[in-house]
Protein chains: 2
Amino acid sequence: MVGGGQLARMTHQAAIPLGARFRVLAASPSESAAQVVGDVVLGNEDDLADLRRFAQDCAVVTFDHEQVPTALLRALEADGVVVRPSSRALVHAQDKGVMRAALAEIGVPCPRNRIVADPAEVAAFAAEVGGWPVVLKTTRGGYDGKGVWIVRDEDEAAVPFAAGVPVLAEEKVDFTRELAACVVRSPHGQAVAYPVVESIQVDGVCREVIAPAPDLSEERAVEAQRIALSIAGELDVTGHLAVELFETADGRILVNELAMRPHNSGHWSIDGAVTSQFENHLRAVLDLPLGDPRARAPWTVMVNVLGGDYPDMYRPYLHVMARDPGVKVHMYGKDVKPGRKVGHVTVCGDDLADVRERARHAADYLRGDITE
Amino acid sequence: MVGGGQLARMTHQAAIPLGARFRVLAASPSESAAQVVGDVVLGNEDDLADLRRFAQDCAVVTFDHEQVPTALLRALEADGVVVRPSSRALVHAQDKGVMRAALAEIGVPCPRNRIVADPAEVAAFAAEVGGWPVVLKTTRGGYDGKGVWIVRDEDEAAVPFAAGVPVLAEEKVDFTRELAACVVRSPHGQAVAYPVVESIQVDGVCREVIAPAPDLSEERAVEAQRIALSIAGELDVTGHLAVELFETADGRILVNELAMRPHNSGHWSIDGAVTSQFENHLRAVLDLPLGDPRARAPWTVMVNVLGGDYPDMYRPYLHVMARDPGVKVHMYGKDVKPGRKVGHVTVCGDDLADVRERARHAADYLRGDITE
C-alpha cells in the first residue's frame, strides 16, 4: 500500500488475519502505518524510482490516498506491476473534472458543474444555476475541505484561480444531509455494498458517521447503493469505493465526491460490520472472494477524534476506557495537533440515542472539549 | 511481548488500535509475529543478554508462552524491568507442581495429585485414587498434549521418569467435557470474566471452542468464573488467565491447567466479544481500564485450522471465503505441517447448529479433510 497514514495502519490490521504479507511506502518511519507495519519502504509517492523499489516483489499495489501522479501509475503499469485500482479507474478519484465528465456519461445524478477558466465564467455559471453562491474546487489535490471555496460574487471567485490550476464550478446544493454509499468490487467483478451511512461534516471534515443512515427509506438506500455499484462497475474500480452523496429536501440523491480506497465513512465497519472495509479492500485487490458487508448491530456510530488544545491525550484515554468499557478506541499514533484526525471511537448497540451519546462523549473527552 | 508465535501476532493486531507501541522478542524473522510486527528484536528467550536487550525501553514485558526460565524473569525484575505477569505469579503456569500446591492452599478444587519420584510411587498413588490409569505430567515444559502420559501400569509409568525431570501424578478424572474460564486482571485489581466456554480437545490439542458453553447452568458458569477470578486474585495474576476445567458427571468442576497469557480458548473473543482477550491482556499489562468481555452474538464457534497433508492452503482458502462470506479466517503465516496449528476460523450467529457446522466445514476444508 502506497501511503503511511492511518488508512494503511488499519489495512495492516486487517491484513494480519488474512495471512497476507503487507508492505507500505511511507515518507518517514514516524508515520502512522510505519510505526506498526513490519515491512516499510521509505520513499516518496511522487518519485518513480521509489515507487519501483517499493513495488518490487509485490503481487499487487494499492493506495491509502489519491496523491500518486497518474503518469507514475501508468509507468508502473507499463513495468508490469499490478495496480489496483488501475490508473484508468483511479484518475476519477484524482481529478474532479474527469470524475464529473465520466459520471455525466454514465447518467449518475450530480450537482450541475462546469470547468471554468476565470471569474467571468464563474459568474456566467452562477447565473445559469440560479445565482450565487457557487462552489469552486481545484480539480486535483483537495481533501478534507482543502481546495474547496464557497464564493458569493465575482471578486471572491478570483481566489481559486490564483494557483493557476484547473477549477471546477458546481452549484451549491441545498442538501438536508450527507450520505455515503460504500461498495467493494473485485477484479472478478464480484461486488458487495455496505449499508448506506449518514456522514456529519464540520468545516469540511468528517466528524461523525451513523450506520445505517437513520430514517432512510429502503428505496432511497437501494438507490444510493445502486449508484455506487454502477460507478464501480462502469469505471472498473477494484477495491473499496466510497461515494459521498447529498440528500436533498426534494428527494434527490446527488454524487458529491468519490474515493477509491478505504474511507473515513467506512471506519464504523471495523467494529460494526461482519467484514470491515479494510479487509474487503484487501480481499478485492488480492482478488479473493469478498466478505459479508452487513452490520453486526442495529446501530453503529463512529466519531472522529480530532486534535484539540491538549497535546497529551493519555489521561482522557484512561478516562474514556474507565467510563465506558464498551467504547472501541482507535488511536493512530499521530502527534496531536489542533483539528488533525488522530483517532476515532466506535460504539455499537440497539439504541441509537444511547450509542451516539456514548461515542460523542468519548470523542469530545479525548479532544478535551469536555472534562466530565 | 516475549515470543514470536501466533499469540504475539494477534496481540500486535490488538495493540494497533490502542495506539500502543509493540515489540516482540522472536527467535527468527520468519516466526508468525515477526512477519507482521514493526519492532522485532531477534534473540533467545532463555538468554538473559537477549532478554535485557529486548526489554530496554519497554514500559512492560509480557509473554506469549510460559517458557522463559523463572530465574531469568527474576533477573529482569531485579534490573527494574516491569514484568507482567510477575515471576511470582507466572511460576504457577510454568510449574504444575507449584500450581497444584498453590491451588490446594487456596481451596480450589483440583484432581487429586502428587509429585512422584518413581514408578513405585505412581503405583501407590494409583491405589489411593481408585486404580489405574493415572495421568503423569512433567511439571515443566509441556503443552498441547506434550509432556503428558496416561499410564495403565507400573511399567508404562517408567517412561516419564526417563528424562530425569520432576513428575506429577494426577487421578484420571472421568469428565463429561472440558470448559475454560478466562479472566483478565489488572495491577489495579480490576478484573473481568469472559463467558465460560466449552473446549473440545482431540489428542490433547484444542480443536473447537463454543462460546458460551452450551447447556451450562448459570450456577455452574458463575462457579467457574468465581474459581478463575479467585485464582487470578490469590496468585496476583496480571493479564489474561485461562483456567482449563473438567466438568464431571457428578456435577463437579475441577481445575486442569492454567495459562497466564492469551490462550486458544479465548480466540473466539476476537470476533465474538466486545473486547478480545488480546486487547484486554494488553490493557491489563499496561494498567489501562479493562474492556467489556461480553459476547456480541448468542453463539460463537472457533475451530482451529490444523495442518493436514497438503502444504498449500491457497485454493481451500479461496473456497472457504467464496462458500461462506461470514466466516472469519485467521491465518498465522506458518508453514503447513501435519497437526500444526496454522490458523483458526470463527463464526458468530443465532443458531448454534448452523454456526458450528459452518465453522467446522471451513476448518476441515482448509485442512484438506473434505473437498466439497
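## An exposed aspartate in chain B

B:Asp57 has a relative accessible area of 73% and is therefore exposed, where exposed means over 50%, buried means under 20% and partly exposed covers the range in between (1.4 Å probe, protein chains only). The model is predicted, with local features requiring pLDDT of at least 70 and side-chain atom pairs counting only at pLDDT 80 or more, while totals for chains, interfaces and linings use all residues. Residues are numbered from 1 along each chain as its sequence is written, chains are lettered from A and ligands numbered from 1 in the order in which they are written, and side-chain values use heavy atoms, with hydrogens and water left out.

B:Asp57 sits in the loop that runs between helix H2 (48-55) and helix H3 (70-79) of chain B; helices (H or I, at least four residues) and strands (E, at least two) are DSSP runs numbered from the N terminus.

## Domains of chain A

The domain assignment divides chain A into domain 1 (6-83), domain 2 (112-171) and domain 3 (175-367), with bounds that come from an automatic or database domain assignment. Taken over C-alpha atoms, the centres of domain 1 and domain 2 of chain A are 34 Å apart.

A:Phe278 belongs to helix H9 (residues 277-285) of chain A, and this phenylalanine counts as buried because its relative accessibility is 1%. A:Phe278 and A:His263 are 15 residues apart in sequence, and the distance between them in space is 9.0 Å from C-alpha to C-alpha.

## A negative patch on chain A

A:Asp118, A:Glu121, A:Asp153, A:Glu154, A:Asp155 and A:Glu156 come together on the surface as a patch of negative charge. Patches are made of residues with over 30% relative accessible area and no salt bridge, like charges being joined within 9 Å and nonpolar side chains (Val, Leu, Ile, Met, Phe, Trp, Tyr) within 5 Å; the areas come from the Shrake-Rupley method with a 1.4 Å probe, and for residues only the protein chains shown count as cover. Lys and Arg count as positive and Asp and Glu as negative, without His and the chain ends, and each charge is placed at NZ of Lys, CZ of Arg, CG of Asp or CD of Glu.

One member of the patch, A:Asp118, lies in the loop between strand E3 (113-116) and helix H6 (119-128) of chain A. With a relative accessible area of 30%, A:Asp118 is classed as partly exposed.

## Salt bridges in both chains

Over all chains, the structure holds 50 salt bridges, each being a side-chain nitrogen of Lys or Arg within 4 Å of a carboxyl oxygen of Asp or Glu. In one of them, A:Asp324 pairs with A:Arg358, and the closest N and O atoms are 2.6 Å apart. This pair links distant parts of the chain, since A:Asp324 is in the loop between helix H10 (314-323) and strand E14 (328-331) of chain A, whereas A:Arg358 is in helix H11 (residues 352-367) of chain A, 34 residues apart. Both A:Asp324 and A:Arg358 are buried. A:Arg367 and A:Asp369 form a salt bridge in which the closest N and O atoms are 3.2 Å apart; A:Arg367 counts as partly exposed at 21% relative accessibility, and A:Asp369 counts as partly exposed at 46%.

In chain B, the side chains of B:Asp39 and B:Arg23 meet in a salt bridge of 3.1 Å, N to O. The two residues stand 16 residues apart and the pair links distant parts of the chain, with B:Asp39 in strand E2 (residues 39-42) and B:Arg23 in strand E1 (residues 23-26) of chain B. B:Asp39 is partly exposed at 31% relative accessibility, whereas B:Arg23, at 18%, is buried. A network in chain A is built from salt bridges that share partners, and its members are A:Lys96, A:Arg100, A:Lys137, A:Glu170 and A:Glu257.

## Backbone features of chain B

Most residues other than glycine have a negative phi, and most peptide bonds are trans. The peptide bond from B:Arg84 to B:Pro85 is cis, with omega near 0°, and B:Pro85 is placed in the loop between H3 and helix H4 (87-94) of chain B. The bond from B:Ala211 to B:Pro212 is also cis, with omega near -10°, and B:Pro212 falls in the loop between strand E10 (205-211) and helix H7 (218-234) of chain B.

B:Asp215, in the loop between E10 and H7 of chain B, is not a glycine and yet has a positive phi of about 55°; its relative accessibility of 78% means that B:Asp215 counts as exposed. B:Asp236 has a positive phi of about 55° although it is not a glycine, and its place is the loop between H7 and strand E11 (239-248) of chain B. At 33% relative accessibility, B:Asp236 is counted as partly exposed.
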